[in-house]
Amino acid sequence: MSDKAVPSSAKASAAHHNASRVTRHALPYFPGCALKDQARGFEDSARAAMAALGYELAELPRWNCCGTVYSLATDDLMRHLGPVRNLVRVQDLGETRLVTLCAMCYNTLARSSRFVGADPERLERINAFMDDEADYRGGVEVVHLLELLRDEVTFEAIEAKVERPLDGLKVAPYYGCMLLRPREVGIDDPDSPGVLEALLSALGAEPVDFPQKAECCGAYQTVSSPEIARARVGEIVSAARWAGAELIATSCPLCTYNLEHHQVEREERETRHASPVTRHEIPILYFTQLLALALGVSEDKLGFAGLKFDPRPLLSDRELV
Amino acid sequence: MPEIMDRIKEANRAVTTGIDDSAVKHWVTVYIMGKGYRVPADITIMQAMEYAGYRFVRGAGCRAGFCGACATVYRTAGDWRLKTALACQTRVEDGMFLVQIPFTPAEKPAYDIEEEPADGTPLLKYFPEVARCVACNTCTKACPQDLEVMDYIQAALRGDLAAVAELSFDCIQCGLCAMRCPAEITHYHVAQLARRLYGRTLPVPKHVLDRVEEIESGKYEDEFEKLLSMSREELEELYRKEQREKGGLNSRDASRVTRNGQGER
């Protein structure tokens, strides 16, 4: 973006951040609704981890729901207003990039950005609807934190900053759908992703490969047809356990909800027949919680309190907390 | 009681009676529900409707922009936008096509505020339609109070009671947001629940407790008795005296009070 297009307030703000020693880079950041409610631990741990790496996740001063589910109807432009409005807020700051944590928000925002960017007529119609508000000019890039860690911070730099290596901790990286599909917005190979494994390795943990790592958790079927989500979660969690995982790492509050909630129900129904390997509950953590833990962030900022299955007995057993 | 009701009715009669047409220099034409009327140019929509012969039994209240009873929608010639206003606060424009929306049908769930947790969960429990918001911002554009209505609905969606309470504080519940919303949300009821829940999280200020105690101890009852026992003439004289003392009513307004029989907003 040309220097001319940057509002003076944004320049002043950037100068302020450059001058600060603690915070080197302020990144425009979109939290999403779940991270302000059910998944607070995701945001808290991410903020703490990024601060330890010298970055500030600077929440947009004004934002709305991402749209939650990307609309596949090509003529239903109304559904793209929510996501596009958030991109306008980034533009208002004189910025060109938006960092997300929630895989669902990432997916919806990134796809909407591409959808309106690909067709000037769509964008024109959306801008015409918004009427006297600022037009979206296009060009805001939506990135997921994992991409930023991989491509900009780099895993080597993260490894160098690890204070508490997660030695021997067996973690199953669970991608689900939204980080990988469709391919245009996928942050990694949709069939054989490796970015979470690479991050976990950098933290000293042992990533556990399992065939269901990129399969769907059942998503919103959990509302209307919970048996579908229950079946999906059963397969995912069993596979992770049989592969030896002690924890599952996710990047999605909805995956986390399903993996936690349906795991309990399954436990209750299957206790009588359970083999020793499937009997205990497996904690579901956000990848940022493991990142923050390894970077030496204090336990009270890791957001473990909001988790259904407390990982602390396991982590304390490994002398990590 | 009937006597008081008669007095209230009298006090609410049209304020524009007594206008001397020969003294009006500028006129505009407005279309009320499609029918054209020539009205003085410097009066409000509400006054124009009364001038045209309408008598309000609903859709008028405080006449001061506070009660939200006189929600109005209109278009002006040559503009495709549907505009919104409070009839008592907005001056007529030439070529204005208007209608009042005196009532907004709205589902108003019953809840016991003391039984609900002071967090975001009751908002979606009682108003699940909040999740239908597509962030179109039409509610914000409809708000005659210039509130960021869409932003507070979005704050409700993420359970941020403090933000809903702050952003909706000046809501007068006129209902225009709800009438324009494609997701059929009743924003003002959501906001009211949020403010009630948020209020529960705050300490009760001492001045409120003191005032409640004063009221309960009967401190103001003599004054009320005195006002209620006064005649209309005595009340008008008292009103003028008070306004003069406050400097809020100049001599021209004071004379208008005499001519019209009551104060004009």
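1. Confidence in chain B. Residues are numbered from 1 along each chain as its sequence is written, and chains are lettered from A and ligands numbered from 1 in the order in which they are written.

2. A segment to treat with caution. Over residues 250-265 of chain B, pLDDT stays under 50, and the model has 19 contacts beyond four places in sequence for this stretch. Two residues are in contact if their C-beta atoms, placed from the backbone, lie within 7 Å. Where pLDDT is low, the predicted coordinates should not be read in detail.

3. The complex and its contact. The predictor assigns the complex an ipTM of 0.86 and a pTM of 0.84. The contact between the chains draws 11 residues from chain A and 12 residues from chain B. The side of chain A that touches chain B comprises four nonpolar, two polar and five charged residues. In this classification Ala, Val, Leu, Ile, Met, Phe, Trp, Tyr, Cys and Pro count as nonpolar, Asp, Glu, Lys and Arg as charged, and the others, Gly among them, as polar.

4. Make-up of the chains. Chain A has 14 helices and eight strands, and chain B has 12 helices and five strands; helices (H or I, at least four residues) and strands (E, at least two) are DSSP runs, numbered from the N terminus. Of the 321 residues of chain A, 47% count as buried, as do 29% of the 265 residues in chain B. A residue is buried if 20 or more other C-beta atoms lie within 10 Å of its own, exposed if 12 or fewer, and partly exposed in between, with C-beta atoms placed from the backbone. Among contacts between residues at least 6 apart in sequence, those joining residues at least 24 apart make up 78% in chain A and 61% in chain B.

5. The nonpolar core. The largest nonpolar core has 149 residues, and those with the most contacts inside it are V171(A), I248(A), A249(A), L290(A) and A194(B). Such a core is a set of buried Ala, Val, Leu, Ile, Met, Phe, Trp, Tyr and Cys residues joined through C-beta atoms within 7 Å. Helix α4 (residues 103-117) of chain A gives the most to this core, with eight residues. Leaving aside residues up to four places away in sequence, A194(B) touches L123(B), A156(B), L161(B), V164(B) and A165(B).

6. Helix α2 of chain A. The 13 residues of helix α2 (residues 40-52) of chain A should span 18 Å at 1.5 Å a residue, and the end C-alpha atoms are 18 Å apart, which agrees; the expected span is 1.5 Å times one less than the number of residues. Because 10 of its 13 residues are buried, α2(A) is largely enclosed by the rest of the structure. The buried residues include charged E43(A), D44(A) and R47(A). Just after α2(A), G54(A) takes a positive phi of about 90 degrees.

7. Helix α6 of chain A. L145(A), L146(A), L149(A) and R150(A) are buried in helix α6 (residues 145-153) of chain A. Seen down the axis of α6(A), these buried residues fall within an arc of 140 degrees, so they line one face of the helix; the arc is that of the directions from the helix axis to the C-beta atoms. D151(A) and E152(A), on the other side of α6(A), are exposed. The buried residues of α6(A) pack against α2, β3 (97-100), β4 (141-144), α7 (155-161) and α8 (195-202) of chain A.

8. Helix α13 of chain A. Eight of the eight residues of helix α13 (residues 287-294) of chain A are buried. Their cover includes α2, β5 (170-173), α8, β7 (247-250) and β8 (284-286) of chain A.

9. Backbone points to check. Most residues other than glycine have a negative phi, and most peptide bonds are trans. The peptide bond from R181(A) to P182(A) is cis, with omega near -5 degrees, and P182(A) is in the loop between β5 and α8 of chain A. A135(B) has a positive phi of about 60 degrees although it is not a glycine; A135(B) is buried, with 25 other C-beta atoms within 10 Å.

Notes: This is a predicted model: local features need pLDDT of at least 70, side-chain atom pairs count only at pLDDT 80 or more; totals for chains, interfaces and linings use all residues. pLDDT is the predictor's confidence in each residue, from 0 to 100.
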